[in-house]
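Please look at the sequence and the structure shown below.

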Amino acid sequence: SELPQALPDVYSQAFFDKTGFCTEAVPLGDDVLGDQARMLWILFGAVGLVLLVAGANAANLFLAQVETERREMAVRAALGAGRGRLALHFLLQGLLLSLLAGGLALWLADGAVRLLLALSPADLPRLSEVHLGWEGVLFTLLLALIAGGLFGLLPSVRRGLESELLGTAGRGMTISGRQRAARSSLVVAQVALSLVLLAAAGLLFRSFHNLVSVRPGFEAQGVLTFHVVLPETRYESFAAVDAFERELAARLAALPGVEATGFTSALPLTGFDGCSSVYAEGRSLASGTPCLPIVFVGPGYFRALGIPLRGKAQEWSDNPGSSSAAVASEALARRLWPGQDPLSKAVGGDPSTSYRVTGVAGDLRANGLDHPPIEALYLPLAGGSHTELGQPLRDVTVVVRTRSDRPERRTAEIRRAVADLDPGVPVAEVRPMAEILRDSTARISFSTLLLAVSSGVALLLAALGIYGLLAFLMARRHREIGIRLAIGARREQVRRLVLFQSLRLAAAGVALGLMGAALTTWLLQSLLFGVGPLDLLTLGAAAAFLVLVAVTASWMPARRAMAVPPLEALRHE
């Protein structure tokens, strides 16, 4: 780094050598998107998988529709309709259906985008630019035309269409083994892709559950926070700032339902960053000084946030001009004085100006619930001979603990209390601590919601695909079922036959889906907390649920097959 040469009075080379302090260049795109870039690509891939599932479903349904029109096509061919005429018929039919579906999809997408924007976290980068624009409309219509053209031309590209139609126009038409295998393959692919999405959504859901189950180290319920900024012209000294905070704390404590009030330079989950060199008693300077955040707090801070405290912190009764009480976090105490009692140890910004550790605060996950407990040093806001502050800190956050589950209801009273004390002091960013805690998990909860929606849509399409295929097969096998029943087969056997077909397709899809999930879920590794990308419980639950959906989807075709009267089935077609 060039900082020691540029600012020799502020930085020394020894500081960099001991603390490992360094500068880091980050591309602007990475700084704007942060860890959301990977999640956005994963969601983009999920949408692609849903499109594939929908495409397979559309292909299966369209081919089934073609099969039902084979007799009509046979008659057309017998009357002289050529391949081109038949191909045009299928093409126009496919284009019309796909364009109607595309229009409906655009209408649904517009409403879905508005709903998801209302549910999305406010700090998602460039959220205001998300809308259904002409690019999305053009892409949807183009995709609909491609799909319609592809599915429309698929039946007519088969060789020997006319002879095939004429040769199968008789009674009791059944589909060939090759056609049945093609449709079954499409269903298997749908099940496999659905399982990949379902496994990813399950992993994120378990990660989210683990995250919200973590104890943050403070009690957020009933706590209201807000910022005050003191004008420098009227609050020039430490004494003036301290007098304002003392009086404000007294006025807030007099409000009904207020239990504790504290002041701080940084709130957990909003700004415990920074890197300050800290010297500690009993730790050799040669071993290097830790570089960690220093948080300035006033009396009542730990009580107001419900942070466990062993020992004591600064109180209003202490002399602000000579206070040198410091509080170390549990994580910092374990690092600086392993196996020792940290109380009364000297600590500070440099060896000449040290504080005495009078308390140890409980572990606090201040940089995120998915981050380890912070190593931090809490120093008093009040100025004195040992202060690390060059001047009073006039921009502070006030923490107010109330007995209400809705502390925001005290906002008007708090604003009046500040205005009565000094009308020139603005009150800003009034937020319940519970809201700040929820916002810390908002991104992963929103990502989980999006993947859950994607997997739900894919699951529904896969169920419809299984149902449609089995219903079509049963309709084409009426004569076979009638013969089976006529020669003594029990209806229970027919039902087992249908369910077995469903389970065979589902099992093949699950096997492929598990292999696909094993190859793709590692992309989620950086987004998971407390669960691995190959978590057997999640993958097993996803597979079992998909099999259950397949059995449910095949239940109606099985019932219809059992209800076929033998004589009617023998007369079918």
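Serine 344 counts as exposed because its relative accessibility is 52%, where exposed means over 50% relative accessible area, buried under 20% and partly exposed in between (1.4 Å probe, protein chains only). Serine 344 lies in the loop between helix 12 (330-336) and strand 9 (346-350). Helices (H or I, at least four residues) and strands (E, at least two) are DSSP runs, numbered from the N terminus. This is a predicted model, in which local features need pLDDT of at least 70 and side-chain atom pairs count only at pLDDT 80 or more, while totals for chains, interfaces and linings use all residues. Residues are numbered from 1 along each chain as its sequence is written, and side-chain values use heavy atoms, with hydrogens and water left out.

Most residues other than glycine have a negative phi. Serine 344, not a glycine, has a positive phi of about 75 degrees. Glutamate 429 in strand 13 (residues 427-432) is not a glycine either and has a positive phi of about 50 degrees.

| Residue | Relative accessibility | Class |
|---|---|---|
| Serine 344 | 52% | exposed |
| Glutamate 429 | 56% | exposed |
| Arginine 495 | 18% | buried |
| Threonine 538 | 6% | buried |

Arginine 495 is part of helix 17. Between arginine 495 and alanine 558 there are 63 residues in sequence but 5.0 Å in space, C-alpha to C-alpha.

Threonine 538 belongs to helix 18. Its side chain makes a polar contact (a pair of N or O atoms within 3.5 Å, one able to donate a hydrogen and the other to accept it; residues adjacent in sequence count only if both atoms are side-chain atoms) with the side chain of aspartate 535, at 2.7 Å. Leaving aside residues up to four places away in sequence, threonine 538 touches Ala199, Gly202, Leu203 and Arg206, where contact means heavy atoms within 4.5 Å.

Helix 17 (residues 491-520) and helix 18 (residues 536-553) pack at about 155 degrees, their axes 9 Å apart. The two helices are therefore roughly antiparallel, a term for angles over 145 degrees. Residues of helix 17 that meet helix 18 include Leu499, Ser502 and Leu503, and those of helix 18 include Leu539 and Ala543. By class, this contact has 11 nonpolar, 1 polar and no charged residues; Ala, Val, Leu, Ile, Met, Phe, Trp, Tyr, Cys and Pro count as nonpolar, Asp, Glu, Lys and Arg as charged, and the others, Gly among them, as polar.

Overall, the protein has 20 helices and 13 strands. Of its 573 residues, 43% count as buried.

Note on methods:
Axes are lines fitted to C-alpha atoms, for helices over the stretch in contact, and angles run from 0 to 180 degrees between N-to-C directions. Angles under 35 degrees count as roughly parallel, over 145 as roughly antiparallel, 65 to 115 as roughly perpendicular and the rest as oblique.
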